[in-house]
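Here is a short tour of a protein model, written for someone who likes cut-offs spelled out. Have the structure open while you read.

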Amino acid sequence: MPETTEATESPAVRQPVSNTERRQRVIDEIKRRIVLGEIRPGQRIIEAELTSSLEVSRPTVREALNQMARDGFLIQEAYRGLRVADIHVDSLLEIARVRVALDTEAINEILADDTGRRMAVLERSWEEFESVGDGSEPLALHEAHIRFHRGVWEAAENYLLMRIWPVVEAQMTIVLAYDQFTRRDIRRAHAVHEALMEAIRSRDTDRIQDALRAHTVDSAEELARLVSAGAPGH
């Protein structure tokens, strides 16, 4: 009787984590800490602490920090290292006005598509945003907010908008961090986004501009007043 051998599965080969993945993990962790208020705008970033807490090499941390500095999350200071970008009151309003102009361009390109394909992409982004409930964790709410606004630009299929998106995301993250410290009005945030979507669906230019101003400029002005008044948590 021929001898039989029991087939055995070879152990799964664990693929090494790439430097890119490790760098992205550091970036994601710093963003998480900013959103949750564990690192505040203006606070210094300690390279050695990240190296230790994330168990990654110092060169990997340095690459991640340099990338975040290029995107505007961090500011390099001579002889003092890196700190989280801080946004002054005047800057809040400047950023808001620029965002309205960029969002207007994106929305115009979405509505100019006669096939409705770009609008369908935007609707899917809105459905994802809607799926995140009010009771979600702050980080999940933040990420949903960022994904929706990225989705507006992606739907426009505008190359330049997507090239500058990382810088805009950085500014939004810092502004939303301020918002988190001074107020946490989830219902208001949902209402202004819903009004914006309804305005886009209406294709009414004036209504869209009113909704963009309410969502971006009015919100920035209110936040600026809170910051200037020294709201608790700032």
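## Ground rules

Buried here means under 20% relative accessible area, exposed means over 50%, and partly exposed is anything in between, using a 1.4 Å probe and protein chains only. Helices (H or I, at least four residues) and strands (E, at least two) are DSSP runs, numbered from the N terminus.

This is a predicted model, so local features need pLDDT of at least 70 and side-chain atom pairs count only at pLDDT 80 or more, while totals for chains, interfaces and linings use all residues. Residues are numbered from 1 along each chain as its sequence is written, and side-chain values use heavy atoms, with hydrogens and water left out.

## The overall layout

The protein chain has nine helices and two strands. Reading from the N terminus, the order is α-α-α-β-β-α-α-α-α-α-α. Of its 234 residues, 43% count as buried. Take the contacts (heavy atoms within 4.5 Å) with a separation of 6 or more: residues 24 or more positions apart account for 70% of them.

## Helix H5

H5 covers residues 117-130, and its 14 residues reach 20 Å from first C-alpha to last, close to the expected 20 Å. That expectation is 1.5 Å times one less than the number of residues. Its buried residues are Arg118, Met119, Leu122, Ser125, Trp126 and Phe129. Looking down the axis of H5, these fall within an arc of 115°, so they line one face of the helix. The arc is taken from the directions from the helix axis to the C-beta atoms.

Thr104 sits in H4, which runs over residues 89-111, and counts as buried at 17% relative accessibility. Leaving out residues up to four places away in sequence, Thr104 touches Gln209 and Leu212.

The axes of H4 and H5 come within 7 Å and cross at roughly 125°. Axes are lines fitted to C-alpha atoms, for helices over the stretch in contact, and angles run from 0 to 180 degrees between N-to-C directions. Under 35 degrees counts as roughly parallel, over 145 as roughly antiparallel, 65 to 115 as roughly perpendicular, and the rest as oblique. H4 and H5 are therefore oblique to each other. Glu109, Ile110 and Leu111 of H4 meet Arg118, Met119 and Leu122 of H5. By class, that contact has four nonpolar, no polar and two charged residues. For the classes, Ala, Val, Leu, Ile, Met, Phe, Trp, Tyr, Cys and Pro are nonpolar, Asp, Glu, Lys and Arg are charged, and the others, Gly among them, are polar.

Among the residues making the contact are Trp126 and Phe129 of H5 and Phe148 and Val152 of H6. The tally by class is nine nonpolar, three polar and three charged.

Glu143 belongs to H6, residues 138-156, and is partly exposed at 39%. The C-alpha atoms of Glu143 and Val35 are separated by 9.4 Å, although the two are 108 residues apart along the chain.

## Two positive phi values

Glu55, in the loop between H2 (47-54) and H3 (58-71), has phi near 55°, a positive value in a residue other than glycine. Glu55 counts as exposed at 70%. Glu157, in the loop between H6 and H7 (159-182), also has phi near 55°, and is partly exposed at 42%.
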